[in-house]
Amino acid sequence: MLTDFLRWQPAPITSVSVLVRSLAPMTRLLRGEVLDQLASEHGAVRTGANQFSQPFLGLARDWRTLLFPTADDETFADGYAQTVTFALLLARTENIDLTGRSLHEVGTQLSADHSLMGKALQLLTNDIVADFRVTLDLLVRLVDAVQWARIHRGSRDTYLHLYEHFLEEYDNELRKSSGSYYTPREVVQEMVRLCEDVLSARLDKPRGFEDPDVFTVDPAMGTGTYLHTILERIAERTAESDGPGAVAGTISSAASRIAGFELQMGPYAVAELRATDLLSSYGSSIPRDGLNLYVTDTLDDPTAAETQIGSGLQLIAQSRQRANEVKARTNVTVIVGNPPYRERATGMGGWVETGSAAAGSKARGILDDWRDPATFRHFHNLKNMWTYFWRWSTWKVWESTPEVEAGEAGIICLITPSAYIAGPGYSGMREYLRRHASEGWILDLTPEGQTPDVPTRIFPGVRQPLAIGLFFRHPGVDHDVPATIHYRALHGRRAEKFEALRTLRLDDDTWQETRTAWTSPLTPTAGTVWDDYPAASDLLPWGSPGVQGNRRWPYAPSVEILERRWTELQATESETDRATLFKETRDRTLAKLPTKQLTADAAPQPLARDRGPMLRPVRTGYRAFDRQWVLPDIRVLDMPRTDLWSARLPDQIFTVEQHAKVISDGPGLIFSTAIPDADHFNNRGGRTLPLLNPNGTPNVAPGLLKILTEQLEQDVSAQDLLAYVAGIVSHPAYTATFAAELSTPGIRVPITNDPALFTRAVGLGEQVIWLQTYGEAYAKGDDAAGSIRYPRGDPRQPLSLVAIASMPTKASYDEERERIILGTGEFGPVPRRVWDYTVGGRRVIESWIAYRKAEPGGKKTSPLDHIHTDTWDADWTRELVDLLTVLSRLVDLEDQQAAVLSDVLARPTLDRAALSAAGVRWPSGATDRKPDYSARQIDLALDV
């Protein structure tokens, strides 16, 4: 049997799809065996063996030193397997015969044209252990079966997505976690064209990328599509202007002024293969000093002292040195590309994040230049890979070579997530761009928002909104004059966006100019009186993110589920298992005891020693209209927001705003008496604006209630103001009316100066808040009993019509009968508008059900998250009837709210400036937005 296996000879491989499906599992097998070998050598070292006699540990140590300083064994094993696979594939494309030859010999021959990959193959296979020699032999046979000439067939697109398809097949989770998405040619071509337009029309480089003073870098080149496209464009222009005979020499010269950085050997090998193939197709020679393609970490310190390394790695060390020369001293004119999108990348930003090691304790990352004191608490949002690349790119083009003539001029053009356009953490970046650029263009590729319909996405697998940012700078830019920045959104399906991009010109009339305030969003000016209205956060100055547990298990739709989870945690004796259940983070561990507490009955000891009962759960506004339960235990909530807990007062109402993401449907604001979760609005963040400070005083801009009382000639209380806001803002007609303005996130409120209109809006708003708080606020007259149901016998009242006999797995809607089908149960009547009710694009009823069905929704990061219930809770039936009632009655009010909004907008309003002139003191800094504790301290007993 083994003999037959060792004689295996694969069939000829003649297509990319077969190649990918064949290589991926073999590479996975090799990765696993290398990882096992590393584990074995670690074990040998622990038993007293000399670490340096263990070949793979030594190799991994040196490899990390040069390329992957933070890599663990799994990362090294992955890099090893991919490098060997693609070095062999590269050899095969060069018609190097693999049969009957040692890998060292193959590497030697490959080094003639691909020195780095050849040396890497030799280095990584010199000390092969018997445990996976068989796998390497099989991999060689597989690659030797590749018939590259038939695969290639002269098509320039053969290589285009080779590595992406390989990575999807090999380890799709790795592709997702690294944020590696390869850019469609339609996007690359137009980004390159737009950069060339700026070179010729704005920077006096009529020859574009061909100009001898233009040096271009792709900082995350992947398989080299951008650099490949630039060379093709140069060839096309040269053939038109100077004739086909001039192309070969021009391309050879241009190739010496183009550089690409890539961290992974796999895509690097494909990029090198594509580049040599392209030069060959034009009859061009490789530049005398070789191609400027480097295996390097772009974000690594370019001034770091070179590490002394063994001779076997000298070639890789030299590649790193050459890359650092480009990073530190080359005057780069254009940076263009598609950097990785990885989020939550704290510690991965290298020199950009932490500064040069040479600075010692005074080290400061250049990312800190984008730290805005006014939004410092959001600065952690910048700790992702694509923001690191944005900062590195701006430094490289505009700051790194000031001694060179025109060294501060140049272009950055990147396609990345669009959070920097309006996100609160990116205000410092926006100010930097306005101060350092001469002009910029924002192409919003995903105006549909987060997780748009797949047919509209540029990258089908990317849920984040994306944008192309193009910024250039003249020499001697005036830092005190904000750059003119233009904006355009591309709507429609993917093909429609490609076509719009193809016909786009930088000077056409489709662009809108953006706001000019230093830190304001990079979105169009309103073109209306929108910017004159006070913001919701002007009216209610103190705001806070909601409670953020960073673990799901302390939240549940029933107390019984929380009790079961707590019992499981407390019954677990193993320290390791207990930590896994708890889900330890940097902010919360079993051994940690925070100094503050949330309730009067808080436990006085860390969880590691606590075997007592759980604290009594309290209601939380988990999602819009979804009241769940949370443990009020500061030991299990990473960011509990103690100020909000201090402000849980009898008359408190929490207004929740989605201030950082675009919303285009549903109400503009929602309201809760239960302390809101950080994702309460639509599962995508937001902020909470309490009506009352922790000391019980109104959280209202100073002077506002007095001025409104005078202007409207009627007493206006804080409760009246909030009710007015609800009447005007909390309905779908508001978001529809201001759809264009809300492309810049943040709610603004038109305030009427008509007393009758104000009173009318207040009356509607009182009903809205009463309903949204399930009758706990603004109850009057017959409503004081607390029930938000329709009067008995009203045919509009939704009811449970058929019992739920077992835990449902899904819900559906029967439009003809106006019923929700939930497992075996049925609820009705439910009009279509109620079933479709959304908040910020999130369907409320489906979201509520998702957390209570047999397999509840939400991300699970602890085994405790899987503890649910196998029996439908009777309370959930009553709660669902209440939810359907609330939504039905809100829908009933929408036409009246739309009418009052229309009437307000048709008449004069009290704008922000007029109210300020009358004596209102709007918040102007962080000090004005702090909660007020001054009058009295809140007794913790109020929290329970």
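How many residues does helix H27 have, and what distance does the helix reach from its first C-alpha to its last? In this predicted model, H27 runs over residues 755-772 and has 18 residues. The distance from the first C-alpha to the last is 25 Å. That is close to the 26 Å expected at 1.5 Å a residue.

Both ends of H27 show local detail. At the start, aspartate 754 points a side-chain oxygen towards the backbone of alanine 756. This oxygen comes to within 2.9 Å of the alanine 756 backbone nitrogen. Just after the helix, tyrosine 774 adopts a positive phi of about 55°.

Among the buried residues are Leu757, Phe758, Ala761, Val762 and Leu764. Towards the end of the helix, Val768, Ile769, Trp770, Leu771 and Gln772 are buried as well. Gly765 and Glu766 are also buried. Several elements cover these residues, including strand S14 (669-672) and helix H24 (704-712). Helix H25 (718-729) and helix H30 (874-905) are also part of this cover.

The cysteines were examined next. A disulfide is a covalent bond between the sulfur atoms of two cysteines. A search of the whole structure found 0 disulfides. For cysteine 195, the nearest cysteine sulfur is that of cysteine 413, 3.9 Å away. Cysteine 195 is in no disulfide, because a disulfide needs two cysteine sulfur atoms within 2.5 Å. Cysteine 413 is likewise in no disulfide, and its nearest cysteine sulfur is that of cysteine 195. Cysteine 195 has 0% relative accessibility, so it counts as buried. Cysteine 413 is buried too, with a relative accessible area of 0%.

Methods:
Residues numbered from 1 in each chain as written. Predicted model: local features only at pLDDT ≥ 70, side-chain atom pairs only at ≥ 80, totals over all residues. Heavy atoms only, no water. Helix = DSSP H or I, 4+ residues; strand = E, 2+ residues; numbered from the N terminus. Expected span 1.5 Å × (residues − 1). Buried < 20%, exposed > 50% of the residue type's maximum accessible area, 1.4 Å probe, protein only. Contact = heavy atoms within 4.5 Å. Polar contact = N/O pair within 3.5 Å; in protein donor to acceptor, adjacent residues only side chain to side chain.
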